Every structure is written in C-alpha cells, then in structure tokens.
Amino acid sequence: MLLEVSGLDVRYGRTHAVKNATISVGEGEIVTVLGANGAGKTSLLRALQGAVRPASGRIVFDGKDLTGASPSARVRAGMMLVPEGRQIFVSMTVHENLQMGVYLRSDRDAARDIEAIYDRFPNLAERRDMKASVLSGGEQQMLAIGRALVGRPRLMMLDEPSLGLSPLFVSRLFDLIVELNQSGIGILLVEQNTTMALEVAARGYVLELGSIVLEDTAESLARNPTLTEAYLGGHQNSPSHAAGENA
Amino acid sequence: MLLIQQFVNSIMLGSVYVTVAVAFTLTIGVLNFLNFTIPTLFMLAGMVGWALAHWGLPFGLSGPMTWPLALFFGICVAILASLLVERLTFRYLKTKYGDSTEHAIPLVSSLGFLLVLENLVRIGYGTDAQRFPGPSADLTMNIGGIFVRIPQLVSLGIVVLIVVGLTWLLKRSRIGRGLRAIAENPDAANILGVDTNRVVPVVFMLTGLLCGLAGALFAVNYGEVSPQMGEDIGTKAIAGMVVGGLGSIWGAVLGGLIVGLTEMMTIHFFGADTVQVAVWGLLLLTLLLRPQGLFGHHSIGKGKL
C-alpha cells in the first residue's frame with residue numbers, strides 16, 4: 001500500500017472532526033472519500049498533509065511512519081495536496097505559482113517539469129507572466145493541479161476539485177485525474193460530486209460526522225441506492241449544493 | 001544655493017529613514033506584524049559600535065577597535081538581537097491561526113523588548129550622547145559650491161545597493177518566493193513544503209541587518225550616538241513607511257526620502273521647532289487623502305512584496 005492510515009482522530013478543541021478513520025490508497029490507485037458538508041473530509045486531508053496534528057492514529061506512507069512529520073517532510077516523501085478552493089497565490093504570476101510547486105526541489109529537472117505543465121495546459125503558458133488572479137476558475141484549478149504536479153508526487157490528494165467549475169471544466173478535470181493516475185500517481189479524491197468521483201475511482205469511503213460508515217468498491221457504491229439518501233444529504237449533485245463546503 | 005545644499009542633506013538624512021522604513025515594511029508585508037524592536041536594533045548597532053571603538057571588548061579582551069571594525073560588530077549584534085527577538089517573542093507567542101487581537105501579542109512583546117534593551121544600554125553606558133570617532137570631516141567634495149561629504153555619498157550607495165538587493169531577493173530568489181507565499185497564504189505555503197520556522201528567521205535577520213546598517217550609517221554621518229537615538233528615527237521611519245504604503249519596499253524608499261525632505265525643508269523655512277508638526281501633518285494628510293499610501297494596496301498587510 002502507498003498510504004495506510006489507521007485509527008486517525010482529529011480534534012479541534014471540543015470538536016471531534018475525524019473519528020478513528022482507517023483508510024488506504026494503493027500504488028497507482030484512485031480512491032475517493034465521499035461525505036456531506038461538515039463530514040470531516042477536509043480535516044482528514046489536512047491531517048494527512050500535516051497541516052493539523054492528529055490526536056491519535058498512524059499515517060504510514062510508502063512504508064515510512066509520517067504521523068508526526070512536518071508538511072515539508074511529507075512533500076519530500078511524495079505526498080501533495082491540492083487544497084479546497086485551489087489556494088493559488090493570486091499576488092504571484094502563474095509562473096511563480098508553478099515555481100512554488102518545486103520549492104523543495106533543487107534538481108535541474110524542475111524547470112523542465114514546469115515547461116511540461118505549459119505543454120499540458122497551453123492556457124497557462126499564454127498567461128505565464130500574468131498575475132494568477134486574472135485566471136478563470138477552471139484555469140486556477142489547472143494551475144493548482146500543475147503546481148502540485150511539478151512536485152512529482154506519488155500520491156496526489158485533491159480536496160473538492162470540481163467545486164465551482166462549469167460542467168465542461170468538470171469533465172476535463174476528471175479526464176485529467178484519470179490521465180494522471182495512468183501515469184502512475186495514486187489519487188485520493190475528496191468530492192461532493194459523487195457520480196463523477198465513483199466513475200473514476202476504484203474504491204470509495206463514505207464519511208459521516210467524522211466516522212467512516214461505508215467502504216466498498218466504487219461500482220458497488222454507485223449501485224447502492226441508499227448511499228445518497230442516507231449519508232450524502234440526498235441531492236449532492238445539483239450545482240447549487242456544491243458551494244461552501246467547510247469543515 | 002543653500003536650498004540645494006539642504007536638498008542634498010535631506011537625501012542623506014532620508015537614506016537613514018529609508019533603511020529603517022524598509023525594515024518596518026518588510027516585517028509588516030511578510031508577517032503582518034509591526035516590529036517595535038526596530039528602533040532598538042538601530043540604536044544597538046550605534047552604541048555597541050561606539051563602545052567597541054571607545055573601550056574595546058568587555059573584560060579587557062581587546063583594546064579599542066578601529067571604527068569600521070567596531071561598526072561591523074555592532075551590526076552583527078543587531079542581527080543577533082533580532083534573531084533572539086524572533087525566538088523569544090514572535091515564535092514563542094505566535095498563535096498559529098491568529099485573528100487581529102492575537103496580533104497584539106507579538107506587537108506588545110516587541111514593545112517590551114524595545115524598553116528592556118534600551119534601558120539595559122542606559123544602565124551599561126549611561127544616558128548621555130557619545131561622540132562617535134568616525135572618518136574625518138575633511139572628506140568632502142565640493143561640486144559647484146555644494147558640499148557633499150564622501151562618507152555620506154558612500155552611505156547612500158550602500159543604501160541603494162541594499163534596497164536593490166532586497167528587491168531582487170524577494171522577487172527572484174527561492175527564499176523570496178517562500179516569504180511572499182507565507183505573506184499571502186501561510187496555509188498554502190505550508191502544504192507546498194515552505195517551513196515557516198525556517199523562513200521567518202530570515203525576515204528577522206534582514207531586519208537586524210537593515211537596522212544595524214542604518215545605525216552604523218547614522219553614527220558615521222552624524223558623529224554621535226546615544227541610547228535614545230532610535231526613538232526619533234523609528235517614529236519618522238514609521239511615518240515614511242505609512243506615506244509610502246504599508247508592505248511596499250519602494251514605497252518605504254520614497255516615503256523615507258519624502259520625510260527627510262520635509263524635515264530639512266521645514267527646518268530651512270520655519271525652524272527646527274516645526275519639524276514634528278510638518279512630518280506628522282504630512283502623515284495625517286496622507287491617511288486622509290490616500291489611506292493606502294503612495295504605493296500601497298487597499299488590503300493592508302497582505303502580500304504586496
């Protein structure tokens with residue numbers, strides 16, 4: 001297994017955001033974590049990237065225990081998070097944003113990897129010296145993924161990447177996720193767009209109020225009629241619902 | 001002619017303000033933190049430099065030093081003191097997801113450091129102003145009737161070099177990108193591997209360097225140091241920074257020069273008593289007409305480097 005998380009607890013003061021979570025992502029696998037607003041999905045990812053310290057549990061990546069490791073140690077090990085809301089640096093140029101993705105790399109290939117991103121996303125190449133604030137929402141998401149990609153991750157964690165994107169960009173995004181996965185990158189995908197997520201994923205977990213209540217192959221989860229009603233708030237695929245996830 | 005002479009003098013005075021104002025604006029731009037120890041760091045470089053040139057190292061470890069060596073060590077002490085402040089106040093007390101009230105904690109503790117260090121120097125060296133044995137006053141160039149002291153000219157050159165170097169560092173270097181990333185979005189910077197505890201000390205090191213250098217330039221050009229020397233320079237530098245726009249390096253440069261010019265011209269036309277009124281009047285006017293300053297943005301204290 002590429003990533004093995006066992007018994008993970010995340011607390012913010014009195015809030016118990018993630019309870020005893022055990023999940024895994026295999027080498028080159030796409031795994032999705034589904035759940036309603038406030039289910040603890042973002043907290044789970046933040047704990048995995050080291051932005052918050054888990055109260056208990058173990059995080060093992062590629063055989064190494066990274067439970068107490070700093071975010072930079074996790075980036076070095078090959079974990080990259082594409083955060084919720086993209087979080088690109090709007091005061092920097094597109095190019096500088098991509099350079100932030102290779103912040104910890106000192107090898108000569110870093111510049112070549114950035115050029116490869118421009119080949120992949122010609123829109124970004126055209127705007128390389130413009131402030132990232134001029135990009136459209138879809139382009140910002142491409143930049144956020146590009147920024148993570150140049151760090152040469154073995155596991156990419158994406159937090160609600162389709163949030164706020166037009167349907168056209170959503171389908172491009174999921175094509176891209178599949179493409180990245182085919183190049184050997186393991187994907188941990190947190191989504192509210194259940195249908196799309198289960199289409200690309202091999203396995204899925206369902207989070208409810210911080211606990212994993214369901215774990216199955218994506219196929220079975222997609223066929224599960226009670227899934228939407230019971231755990232995901234019933235109508236999570238309507239675009240109006242896809243706003244303001246925060247937990 | 002006298003007016004042109006005053007103009008030349010104001011640039012020299014302004015360059016000291018510029019250096020200190022850049023130190024202020026750097027800390028505000030990156031850390032959103034008004035570092036009150038800055039005037040003390042300025043004073044420390046001057047006073048330590050004077051003590052080393054006058055007496056040498058304590059406990060008779062060395063005799064009096066030559067003034068350039070003494071000032072070099074003075075600047076080193078300012079840098080070390082700044083790093084100490086980072087470790088003991090900013091890092092120790094910093095609350096990770098602080099709101100505006102929590103920003104008061106590093107602010108107040110830096111004010112504490114200002115008072116403690118200044119009074120320690122007073123206890124050690126007394127409150128009197130001391131004559132700094134700088135380069136001879138004869139080193140003067142006469143350009144068409146305007147007198148330019150060569151040490152002042154060299155100082156100006158050093159200030160320009162430092163500001164250009166700093167701009168390059170922030171704009172083009174990897175550490176500069178890391179600093180700007182932390183300034184704009186610490187969370188996003190962290191998940192890309194920017195380690196706050198390694199990058200923040202760089203800001204304090206640069207602060208110590210800028211203030212130490214300004215203190216050394218002041219000692220050389222005005223030939224006098226005292227434990228109080230940071231107070232007036234510090235407040236004028238803050239005025240210069242606000243006029244130029246918080247967080248903008250070139251704003252601090254322009255603001256510092258404007259304050260120096262205002263000061264000299266006020267003295268020339270109205271006498272020394274009116275200086276504070278003119279400088280702070282200028283500041284208030286700026287806040288009324290253009291609150292973000294000349295080069296500042298509307299979002300104060302966020303990612304403008």
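Visitor: Where in chain B does pLDDT stay under 50 with 3 contacts beyond four places in sequence?
Guide: Over residues 95–101 of chain B. pLDDT is the predictor's confidence in each residue, from 0 to 100. Two residues are in contact if their C-beta atoms, placed from the backbone, lie within 7 Å. Residues 300–305 of chain B also stay under 50, and the model has 23 contacts beyond four places in sequence for them. Where pLDDT is low, the predicted coordinates should not be read in detail.

Visitor: What ground rules apply here?
Guide: This is a predicted model, where local features need pLDDT of at least 70, side-chain atom pairs count only at pLDDT 80 or more, and totals for chains, interfaces and linings use all residues. Residues are numbered from 1 along each chain as its sequence is written, while chains are lettered from A and ligands numbered from 1 in the order in which they are written.

Visitor: What is the mean pLDDT of chain B?
Guide: The mean is 86, and 92% of the residues of chain B reach 70 or more. Confidence is highest in helix H2 (residues 38–54) of chain B, at a mean of 94, and lowest in strand E2 (residues 140–143) of chain B, at 82. The model scores ipTM 0.87 and pTM 0.85.

Visitor: How many helices and strands does chain B have?
Guide: Chain B has 11 helices and 4 strands. Helices (H or I, at least four residues) and strands (E, at least two) are DSSP runs, numbered from the N terminus.

Visitor: Why is chain B called as compact as a globular protein of its length?
Guide: Take the radius of gyration over C-alpha atoms; the globule rule is 2.2 Å times the number of residues to the power 0.38. For 305 residues the rule gives 19 Å, and chain B has 19 Å, so chain B is as compact as a globular protein of that length.

Visitor: What does the same test say of chain A?
Guide: A compact globule of 247 residues would have a radius of gyration near 18 Å, and the 17 Å of chain A agrees. Chain A holds 10 helices and 10 strands.

Visitor: Why does A:Leu48 count as buried?
Guide: A residue is buried if 20 or more other C-beta atoms lie within 10 Å of its own, exposed if 12 or fewer, and partly exposed in between. A:Leu48 has 26 C-beta neighbours inside 10 Å, so A:Leu48 counts as buried. A:Leu48 lies in helix H1 (residues 41–49) of chain A. Beyond four places in sequence, its contacts are A:Val5, A:Ile59, A:Met79 and A:Met157.

Visitor: What makes a nonpolar core, and which residues have the most contacts inside the largest?
Guide: A nonpolar core is a set of buried Ala, Val, Leu, Ile, Met, Phe, Trp, Tyr and Cys residues joined through C-beta atoms within 7 Å. The largest has 157 residues, and those with the most contacts inside it include A:Met157, B:Val20 and B:Leu44.

Visitor: How many residues does each chain give to the contact?
Guide: Chain A gives 19 residues and chain B gives 16. On the side of chain A, helix H2 (71–77) and helix H3 (94–101) each give two or more.

Visitor: What does UniProt list for chain B?
Guide: The unreviewed entry lists "transmembrane region" for several spans, including residues 12–34. UniProt positions are given in the numbering used here, feature names are shortened, and annotations may be inferred rather than shown by experiment. In the model, residues 12–34 of chain B are 87% helix and 0% strand, with end C-alpha atoms 25 Å apart.
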